[in-house]
Amino acid sequence: MTLTPLLRGRGLRRSYTLGATRVEALQGVDVDVLASDFLALRGPSGSGKTTLMNLLGLLDHPDAGTLLLDGEDTTGLNENQRADIRRDCFGFVFQTFNLIPVLSAAENVAYPLLLRNTATETMHKRARELLAAVGLAGKEQVRPDLLSGGQRQRVAIARALANRPAVIFADEPTASLDSRTADTILALMKQLNREYGVAFVLSTHDPRVVERADRVITLHDGVVVPEAA
Amino acid sequence: MNRVTIAWRNITRNRRRSLLTGGIVAFGFVSFALAGGFMAQSFDGLRNNAIKSGLGHVQFADARAFERSEQSTLEFGISAADKAVAALRADPEVAVVMPRLEFYGLIGTGARSVPFAAIGVDPAAEAAGSEIPKGVREGQWLKPDDRAVVLGRGLAKLLNAQVGDSVTLLATTPDGTLNAVDATVSGIAEIFIKELSERYLALPLPLAQELLTAPDMVSRISVVLHEPAREPQAAVRLGAALHQSGVDLAARTWRELALFYQQVRVLYLGIFGFMGSVLLVVVFLSTANTTLMSVTERTREIGTLRALGARPGRITAGFVVEGALLGLASSLAGTLLSLLITAAINAAGIEMPPPPGSAKGFVISVQVIPAAYLAAAAAMVAALALASFFPARRAARAPIVDSLAHV
C-alpha cells in the first residue's frame, strides 16, 4: 500500500545572498512527508535542513520547485492564505522555544486558538489539557521566564499541538537542552506522534533524534544524500 | 486574554521606555489642554467685551441700517422708539434694553470746533448693560435728565475741554436743517483707539433727540438677555413681539455684528491649529523613535507569531492597539496633570497685560474645556497609533525566516 504524502516537495531550490556570495542552500530537493511521520532531517551545518524545513512549513518561498499540501499546490498562495495554513495545519517548535514572554504558559498554548477566534472557555480547557499532556499540569499561570529550558520546550510543544495540526516542524528541538531533558522531550514528541497521529519533521544534529525517527533524510550541500542500501 | 490585555502587558514590559513615551504624550496633552483653556478664556473675554461695548446680545434696527451707512441723519432711524423699547422690556428673558441714537456733528467751546461721532444713550440702561460708563476716568457718567456730554479723552484734548466746561453741539437734523444745543462736560472717557477717542461723544438720549429735533427716534436698540445662549430664538421671539406692537425691525445677534471678535477668533484658531499641528508632529516624531525600538526588539517575536499563523495585518493591529492604549493612558495622566496645573495657575492669580483695544489687564483663569481635552486625547491616541503603525507594518511584512533569525 502506498500512502499519499501529506506534503510533497519536488525540485525545491532555494538560494541566499550572503554578502557578495551566493549560497545555494537547496539544489532541487524532492521530499515527502507522510501522515503520522516522524521524520528527521539531518546533515551538517549549512547542509540545508533548516531551509528545507522552512519551505515545508511555508515559512519561506522556494526559488523553484513545487510544494503540494494534501495534493494542493501551495506556490501561488498569498501571505494571508499561507498564514491560515500554518495556523490550521502546522505547528512549530523552535530551538530557542520562542515563547511569548508576556503570556503565561497556558496563554502561550492558547495563542494559536486565539488566532482562530476560539471561545475563551474552549481555549482555556484545551490549554489545560495540553499542558497536562506534556507534564506541566499546575504550571498554567507561570510566565516563561520562570520555567526551565525543558519546561519551556514542553510549553512550545503543547502550543504546537493546540490547533490539532497535521504536521509539527521542530527545528533543532533538543539543541538548547541538557541531554537528560533532551531525552525526555524526544520521548514526549514520539509519544504525542503516536497518540495524536500528528506528523513530526525534525531538523537535527542530534543522533538521539535520528535513532528515534521513523525515517531519516540526510542533506549535504543542499542535496539529499541517498541512503545506503 | 485578548488584544487589549496583551497590548497592556507589552506596554508594561519595558516600563522605563513606556514611561518616557507616555511622558512625551502627557506633555503634549497638557499643552493642548492648557492652550485650549487659555484660548477659551480669551474668547470669553472678547465676547464679553463685544457684547458689553454696546452691541448687546441682540440688536434691532431698520434692515437697511445693517446693510449700509446712512447718507443723512436718521435716514434709517426707528420711529416710535418708546413703544419698541417698552415691547422689548416686557419680555421676561430680556435683562436690559439700550436704545441708541447715532449721529455726527460739530462740538465747540467758543475757541474752536471739532467734529464728533455721537451716541445718544439711556444712561441708566447703559450703566446696566454695557461697560462704556466704566470708561469714564474724569468726572462722572451721564444722568438721564442731564444736559451733559461725556467726551473721549482725545476729543477733550482737541477741544482743550475739562470736566464742567460748557460746550455747544451742532448737528444736521433729519430734515436737513442745522440745530444746536448747549451742554456741560460731565466726564471724560478713556477710549483706547486713538481715532475713536478723538471723535467719541456720549449724551443722554432726550438731549440727542432734542438736538436732532427727532423726538421718539433712535438708530438702533440693543438688548441684553438673561440667558445669552438663546440669542437666535430670542431674536425671533422679540422680533415677533415688536411686530405685534406695530414696529417692524430687523434683528442681528452679536455674533453677526462683532466682526472684530470673529476675526480674532479665526486668527486664534489658526494660530492654535498651527501650533497644535507642530506639537503633534513633535509628539509623533519623539514617540516614533521609541515605538520603532519596541518593534525592532520584538522582531523575533513577530516572526514567531507569523509562524504560528498570525496574519501581518493582525500583528500590525496589535502594535497599533498598543500605541493607542499607551496614548489613552498617557492622556488620562495628562488630564490629571492638566487639572492640577490649571488649578495652580488659577490660584496664582497671574496678571496679563491689557489685550488689544482694552484698558485693563486680566488675571489668567484657564478654563477646563472638555472638548479641548477630548480633542487632545484623540490627537495623542492617533499620533501614537500612527507612530506604531509604520514600523509595525514593515516588521510584519518582513520575511518570516529573517524575523526568526533576528538577534
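Mentor: Seven nonpolar, two polar and three charged residues make up the lining of the second largest cavity. The model is a predicted one.

Trainee: What makes a residue such as A:Gly91 part of the lining of the second largest cavity?

Mentor: A lining residue has an atom within 4 Å of a grid point of the space. A:Gly91 belongs to the lining of the second largest cavity, along with others including A:Arg86, A:Phe92, A:Asn163 and B:Leu308, so A:Gly91 has an atom within 4 Å of a point.

Trainee: Which elements give two or more residues to that lining?

Mentor: They are helix H2 (79–89), S6 and helix H5 (149–161) of chain A. S6(A) has the largest share, three residues.

Trainee: How many cavities of 30 Å³ or more does the structure hold?

Mentor: There are two of them. The second largest cavity has about 60 Å³ of space, and the largest cavity has about 270 Å³.

Trainee: Why is the largest cavity called a cavity rather than a pocket?

Mentor: A probe of 1.4 Å fits in a cavity but cannot get out, whereas a pocket is an open set. The space of about 270 Å³ is classed as a cavity, so the probe fits there and cannot get out.

Trainee: Which residues lie nearest the centre of the largest cavity?

Mentor: Of the 18 lining residues, these are A:Tyr111, B:Ile6, B:Asn10, B:Leu305 and B:Gly318. H13(B) gives the most to this lining, with five residues. By class, the lining has eleven nonpolar, two polar and five charged residues.

Trainee: What is known of the second largest pocket?

Mentor: About 730 Å³ of space lies in it. The second largest pocket has 32 lining residues, with A:Thr50, A:Thr51, A:Asn54, A:Asp171 and B:Ala405 nearest its centre. H1(A) gives the most to this lining, five residues.

Trainee: Why is B:Val282 called partly exposed?

Mentor: Buried means under 20% relative accessible area and exposed means over 50%. B:Val282 has 44%, so B:Val282 falls in between and is partly exposed.

Methods: Residues numbered from 1 in each chain as written. Chains lettered and ligands numbered in written order. Predicted model: local features only at pLDDT ≥ 70, side-chain atom pairs only at ≥ 80, totals over all residues. Heavy atoms only, no water. Buried < 20%, exposed > 50% of the residue type's maximum accessible area, 1.4 Å probe, protein only. 1 Å grid on protein atoms, 1.4 Å probe; cavity = no way out; pocket = protein on both sides within 12 Å on 5 of 7 lines; lining within 4 Å. Points joined across faces, edges and corners; volume = space filled by probe spheres on them. Helix = DSSP H or I, 4+ residues; strand = E, 2+ residues; numbered from the N terminus. Nonpolar A, V, L, I, M, F, W, Y, C, P; charged D, E, K, R; others polar.
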